[in-house]
Amino acid sequence: MIKNERQYRITRAQADGLSRTLESLSRSAGDAHPLIARAREDALRSQIEDLEGELRDYESLLSGGFQPDDLQAVAQLPTMLIRARIAQGLSQRELAERLGLKEQQIQRYEATDYASASLTRIREVAGALGASGRQ
């Protein structure tokens, strides 16, 4: 994820550079075996698509493509963690064991809706409950 204008400019330069490299490879057949040449071009296209996607996401955010209502998920996160634990049939003790914590710590987190938990800890809990995602 692009987080600021500097990263945006760097990503734009990388995408442009890869595009020029791809054009250059496409113009010159070279001595490479056709399968190797195609694999190289496919890899470049894939990298360019990834970078262009990040650029589009950032540009969308700059133009207001994010609604504050989307932050509701953050407010609901403590409840979702507790619900996920229960739905998976895990006790607080079992979740604590997965995390290498004491059961009392999970009890405290849940009693206070994870108010004292760091973001890192919340991510660890979500991971222990099977959540995966990009950072």
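Mentor: The model is a predicted one. Let us begin with Arg45, whose relative accessible area is 36%.

Trainee: Why is Arg45 called partly exposed?

Mentor: Buried requires under 20% and exposed over 50%. The 36% of Arg45 falls in between, so Arg45 is partly exposed.

Trainee: What makes the contact of Arg45 with Glu41 a salt bridge?

Mentor: The rule asks for a side-chain nitrogen of Lys or Arg within 4 Å of a carboxyl oxygen of Asp or Glu. For Arg45 and Glu41 the N to O distance is 3.7 Å, so the pair qualifies. Both residues lie in helix H2, four residues apart, about one turn of the helix. Salt bridges with shared partners join Arg38, Glu41, Asp42 and Arg45 into one network.

Trainee: Is Glu41 buried or exposed, and why?

Mentor: Glu41 has 18% relative accessibility, and the limit for buried is under 20%; therefore Glu41 counts as buried.

Trainee: Why are helices H1 and H2 described as roughly antiparallel?

Mentor: H1 (residues 5-27) and H2 (residues 34-62) pack at an angle of about 150°, with their axes 9 Å apart. Angles over 145 degrees count as roughly antiparallel, so the term applies to H1 and H2. H1 passes H2 in a left-handed crossing. By class, their contact has eleven nonpolar, six polar and seven charged residues.

Trainee: What makes Glu110 buried, and why is Asp113 called partly exposed?

Mentor: Glu110, in helix H5, has 10% relative accessibility; that is under 20%, so Glu110 is buried. Asp113, in the loop between H5 and H6, has 44%, which lies between 20% and 50%, so Asp113 is partly exposed. Leaving aside neighbours within four places in sequence, Glu110 is in contact with Ile82, Arg85 and Gln92, and Asp113 with Pro78 and Ile82.

Methods:
Residues are numbered from 1 along each chain as its sequence is written. This is a predicted model: local features need pLDDT of at least 70, side-chain atom pairs count only at pLDDT 80 or more; totals for chains, interfaces and linings use all residues. Side-chain values use heavy atoms; hydrogens and water are left out. Axes are lines fitted to C-alpha atoms, for helices over the stretch in contact, and angles run from 0 to 180 degrees between N-to-C directions. Helices (H or I, at least four residues) and strands (E, at least two) are DSSP runs, numbered from the N terminus. Angles under 35 degrees count as roughly parallel, over 145 as roughly antiparallel, 65 to 115 as roughly perpendicular and the rest as oblique. A crossing is left-handed if the near helix is turned anticlockwise from the far one by less than a right angle, and right-handed if clockwise. Ala, Val, Leu, Ile, Met, Phe, Trp, Tyr, Cys and Pro count as nonpolar, Asp, Glu, Lys and Arg as charged, and the others, Gly among them, as polar. Buried means under 20% relative accessible area, exposed over 50%, partly exposed in between (1.4 Å probe, protein chains only). Contact means heavy atoms within 4.5 Å.
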